[in-house]
Amino acid sequence: MDYRGDIVKEKILPKDWKKAKLGDYFDFKNGINFGKNDSGYDIEVLGVGDFKKRFYADFTDLSVNHVNEIKNLTRIEKNDLLFVRSNGNKELIGRVLFVKEIDRDIYYSGFVIKGSCCRDEINNEYIARVCSSTYVMNQYLVKGGGTNISNLSQAILSDLDVLIPPYDEQMKINNLLSTWDKAITLKEKLIKEKKNQKTSLMQQLLTGKVRLTGFDEEWKKVKLGTVLKKVNEKSHIKNELELYSLTIENGVTPKTDRYNREFLVKTDNKKYKITKLNDIVYNPANLRFGAIAVNRIKSPVLLSPIYEVLRLKNDRLFNLDFIGQLLTWNRTINLFSTMAEGTLIERMAVKIDTFLDVEFKMPNSIEEQTAIAFRLDLADKEIDLLEKEIVQIKEQKKGLMQLLLTGIVRVNTQEN
C-alpha cells in the first residue's frame, strides 16, 4: 500500500487521497427567518426538528410558513447538504442531512445552512458522510475551544478539513455504507412493527376484551390509592446514594455528563428523594408526556424532590409488572394528560392526590395479573433485544466509517 507523509489524527493519509477544505468544493447559504406578520404565499419549510437522527432528508410532514414573496428565496435542491446552524441543544449543532431526492419546492429555516456543490470530482453523498463522521464532528470541539459551539457559521463550515479519495473510491465507500444504512432501516421498521403489535396486545389484555385461558372471573374497579402508597424518604447526596434522573425514554437512569449537576449541590443542605428497586416514579409536570416508570435500579438512588415516588402496598394482591404495564400504557398516559392542573401550560402537573384517585378496572386475582404481565413483558424483551441489536449495528457502522473515511482501510475499486 502506497502512502505519503501527511498525518491525519496520527494516521498516515494514502498517497492518492488529499486533504482539503470543505469550502473549496461547497458554497453555503443560510436559511430564512419568517416574520409573524408575513402573508401572501404558503411554503413548506424544513427546520431543525426535521433532522432527528436521519442521514437522508425526509420531506414528509413539514411545517408550512407564510412569506410575502418567494422570488428571492433559496430552494433545497437534489444533492444538497443541510446543516443544523443553531439549536438550544448544542449537541445537535453540525448535524447533517443529505438530499437524495426532492420532488417539489421546499425551503429551509434560518437555523439551517445549505451546502451546494457542482464539481465533478466530488460525490456529494460521500461528503455528507464525511461531515457526519467523528473526524469532522471533533473539529467543532476544536473550533469551539474544547466545548460544543453555540452557532455554526458558513466560515466554520468552509474551514472544515475533509479527506478526499479518488472519485471511484468515494462511490465504493458510499455504496458500502449505504448497505449498512439499509440494514439499519429494516431493523428500525421491524422494531416499529413489534411496538405496534405490543400496543394492540395491550389494548386487548389490559381492557379485558381478550381473556387468557383459565381466567373468567369478573374484573373490578380499583383506585390507585388502594394499590400504591406515596413514599417520601429523603437524604443528602452521599457516596452510597447517587443522584439519578427520570427520562421518558429510559426511566430511572444515571444522569448524563451534560446534565449531571451533582458537583454543584454537594455542599448545600438540599435533600433528595430516595427511590428503591421496584418503586414507581413519575414527574408530575411531564406525566402527560409519559414520564413514569418502574425503578429497575438495584441499589437505592436519589431523585429530585420534584418527582413522586410510590410503592406497592401489598404484593400478594397486586402484581408490580402488571401495574407498571398499566401505568405506562399510552391510553393511561392520555388519561393522565386530561388531569393536569395549572394556570400556565408549561407548569401544568398531575398532583399526587389526583393520581392516587384514578380508578382502573383490573383482574381480581393476582394470578391473572401476573399472566397478563408475563405476555407483555415478553413483548418488551423482544423489542429491547432488537433495540440493542440496532445499537450494535450503528456502533459497528460508526467504527467502519472511521476506518473507511480516513483511508486506514481501503476498498477495492478494481472491477472483477
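Predicted model: local features only at pLDDT ≥ 70, side-chain atom pairs only at ≥ 80, totals over all residues.
**Exercise 1.** Describe the ring pair formed by Y282 and F355, and explain why the pair is called stacked.

*Solution.* Rings of Phe, Tyr and Trp (its six-membered ring) pair if their centres lie within 6.5 Å; planes under 30 degrees apart are stacked, over 60 edge-to-face, the rest tilted. This rule gives seven aromatic pairs in the model. For Y282 and F355, the centres are 4.4 Å apart and the planes stand at 15 degrees, so this pair is stacked. Helices (H or I, at least four residues) and strands (E, at least two) are DSSP runs numbered from the N terminus. F355 is buried too, with a relative accessibility of 0%.

**Exercise 2.** Find how F336 is arranged relative to F355.

*Solution.* The ring centres of F336 and F355 are 5.1 Å apart, and their planes are at 20 degrees, so this pair is stacked. F336 lies in helix α8 (residues 330–337) and F355 in helix α9, so the pair links parts 19 residues apart in sequence. F336 has 0% relative accessibility and counts as buried. Elsewhere, ring pairs join F26, F28 and F83 into a cluster.

**Exercise 3.** Work out where D80 sits and what its side chain meets.

*Solution.* D80 is in the loop between β6 (63–67) and β7 (81–84). With a relative accessible area of 3%, D80 is buried. Its side chain makes a polar contact with the side chain of K114, at 3.3 Å. (A polar contact is a pair of N or O atoms within 3.5 Å; within protein, one must be able to donate a hydrogen and the other to accept it, and residues adjacent in sequence count only if both atoms are side-chain atoms.) Now list the contacts, meaning heavy atoms within 4.5 Å. Apart from neighbours within four places in sequence, D80 is in contact with R75, L97, F98, V99, K114, G115 and S116.

**Exercise 4.** State how many residues of helix α1 are buried, and what they pack against.

*Solution.* Helix α1 covers residues 124–131, and eight of its eight residues are buried. Among them are Y126, I127 and V130. The buried residues of α1 pack against β7, β8 (96–98), α2 (134–143), β11 (161–164), α4 (167–205) and α10. For contrast, take V409, in the segment after α10 (366–404); V409 is partly exposed at 34% relative accessible area.

**Exercise 5.** Summarise the whole chain by its helices, strands and box.

*Solution.* The protein chain has 10 helices and 22 strands. Its C-alpha atoms fill a box of roughly 75 × 55 × 55 Å, taken along the principal axes. Of the 416 residues, 43% are buried. Among contacts between residues at least 6 apart in sequence, 78% join residues at least 24 apart.

How values were computed:
Residues numbered from 1 in each chain as written. Heavy atoms only, no water. Buried < 20%, exposed > 50% of the residue type's maximum accessible area, 1.4 Å probe, protein only.
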